[in-house]
Amino acid sequence: MKTIILFLLTAITVYSQEFAKDPRSQLQKEDTNDLYSINEITELDIVEALGLAGIQIHKFDLGEFDEKYDLHLFADEYVHGKLVKTDTLLAYHNQYHYFLEGKEEPSSDYIDQIKIFTRTDENTSTLQIRTYVLATQKEIGLSKLDNQQFFLWREYKETAWKPNQKIPLMVFASSWLDKKYNFHRFCGVAKLSEGDEGTDELLNSSPNYIVINYKVSEPNL
């Protein structure tokens with residue numbers, strides 16, 4: 001009988017301990033053994049890991065608008081420097097509406113950025129295009145002209161809008177054969193700009209590439 005009572009007392013003690021307030025942080029609760037070393041991981045580490053999975057995040061500053069315009073996003077494909085195809089990825093406008101707490105009527109403003117997520121696999125890339133008012137998904141692809149080709153994204157530095165002009169945002173470009181050493185390479189320029197030597201080398205050397213650009217124009221009434 002004493003043995004049974006002792007067992008019950010022990011079980012009650014253990015039971016009460018299981019329901020004690022856990023003083024650990026939320027992070028310690030979720031990763032008890034520090035398996036992911038989260039305190040040592042930086043934002044750059046996460047972005048690089050996404051890159052290994054073929055995922056990249058691209059954000060472009062459009063500048064300020066003071067009136068409503070039509071906004072179109074295009075994919076221009078070039079082969080050996082010649083434009084061969086243009087696809088319209090987005091046809092909308094630069095205005096959006098939003099609601100403030102306590103107000104029944106919506107307010108309006110103009111977008112100031114475009115955000116594009118890319119997921120790349122070999123010579124194709126899926127684009128999710130986002131503004132404050134919409135999201136749309138498109139897929140682009142390039143033909144392989146050489147079995148050794150690989151394809152990378154590069155962004156432009158200056159992306160502010162100008163009326164009735166195509167403004168380049170990013171390029172999905174191919175590597176090219178270095179005939180001297182017989183291997184494929186890709187130029188080292190990280191950020192593109194029109195008239196820049198590194199940008200010109202990329203566009204002149206890449207056998208085929210796609211430029212993602214946008215155009216702002218007066219609305220068709």
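Author: A definition comes first: Ala, Val, Leu, Ile, Met, Phe, Trp, Tyr, Cys and Pro count as nonpolar, Asp, Glu, Lys and Arg as charged, and the others, Gly among them, as polar. By these classes, the lining of the largest pocket consists of 5 nonpolar, 2 polar and 5 charged residues. The model is a predicted one.

The space in this largest pocket comes to about 200 Å³. Its lining is made up of Y156, K157, E158, A160, K162, Q165, K166, I167, P168, L192, S193 and E194. Strand β10, residues 166–174, supplies the largest share of that lining, with 3 residues. One of the lining residues, K166, also lies over the face of an aromatic ring: K166 is 4.6 Å from the ring centre of F74.

The second largest pocket has a volume of about 170 Å³. There are 14 residues in its lining, and T120, E122, F151, L152 and F172 are the ones nearest its centre. Two elements, β1 (55–61) and β9 (151–156), each give two or more residues to this lining. Of the elements, β9 contributes the most, 4 residues. Sorted by class, the lining of the second largest pocket has 6 nonpolar, 5 polar and 3 charged residues.

Next come the aromatic rings. A pair of aromatic rings is described by the distance of the centres and the angle of the planes. The structure contains 11 aromatic pairs. One of them is the pair of Y96 and Y132, which is edge-to-face, with 5.1 Å from centre to centre and 65° between the planes. Y96 belongs to strand β4 (residues 95–98) and Y132 to the loop between β7 (124–130) and β8 (135–141), so this pair ties together parts that are 36 residues apart in sequence. Y96 counts as buried because its relative accessibility is 13%, and buried means under 20%. Y132, at 42% relative accessibility, counts as partly exposed.

Another pair is formed by Y181 and F183: the ring centres are 6.3 Å apart and the planes stand at 45°, so the pair is tilted. Y181 has a relative accessibility of 53% and therefore counts as exposed. F183, at 38%, counts as partly exposed. Elsewhere, F65, Y69 and W161 make up one aromatic cluster.

The residue N182 has a positive phi, near 60°, and is not a glycine. N182 sits in the loop between β11 (176–178) and β12 (183–185). At 55% relative accessibility, N182 counts as exposed. H80 is another non-glycine residue with a positive phi, of about 50°. The place of H80 is the loop between β2 (70–79) and β3 (82–93). H80 is exposed as well, with a relative accessible area of 60%.

An α-helix has 3.6 residues a turn, so residues three or four places apart point the same way.

Technical notes
Residues are numbered from 1 along each chain as its sequence is written. This is a predicted model: local features need pLDDT of at least 70, side-chain atom pairs count only at pLDDT 80 or more; totals for chains, interfaces and linings use all residues. Side-chain values use heavy atoms; hydrogens and water are left out. On a 1 Å grid over the protein atoms alone, a cavity is a set of points where a 1.4 Å probe fits but cannot get out, and a pocket is an open set with protein on both sides within 12 Å along at least five of seven lines; lining residues have an atom within 4 Å of a point. Grid points are joined across faces, edges and corners, and a volume is the space filled by probe spheres set on the points. Rings of Phe, Tyr and Trp (its six-membered ring) pair if their centres lie within 6.5 Å; planes under 30 degrees apart count as stacked, over 60 as edge-to-face and the rest as tilted. Buried means under 20% relative accessible area, exposed over 50%, partly exposed in between (1.4 Å probe, protein chains only). A charge sits over a ring if NZ of Lys or CZ of Arg is within 6 Å of the ring centre and within 35 degrees of the ring normal.
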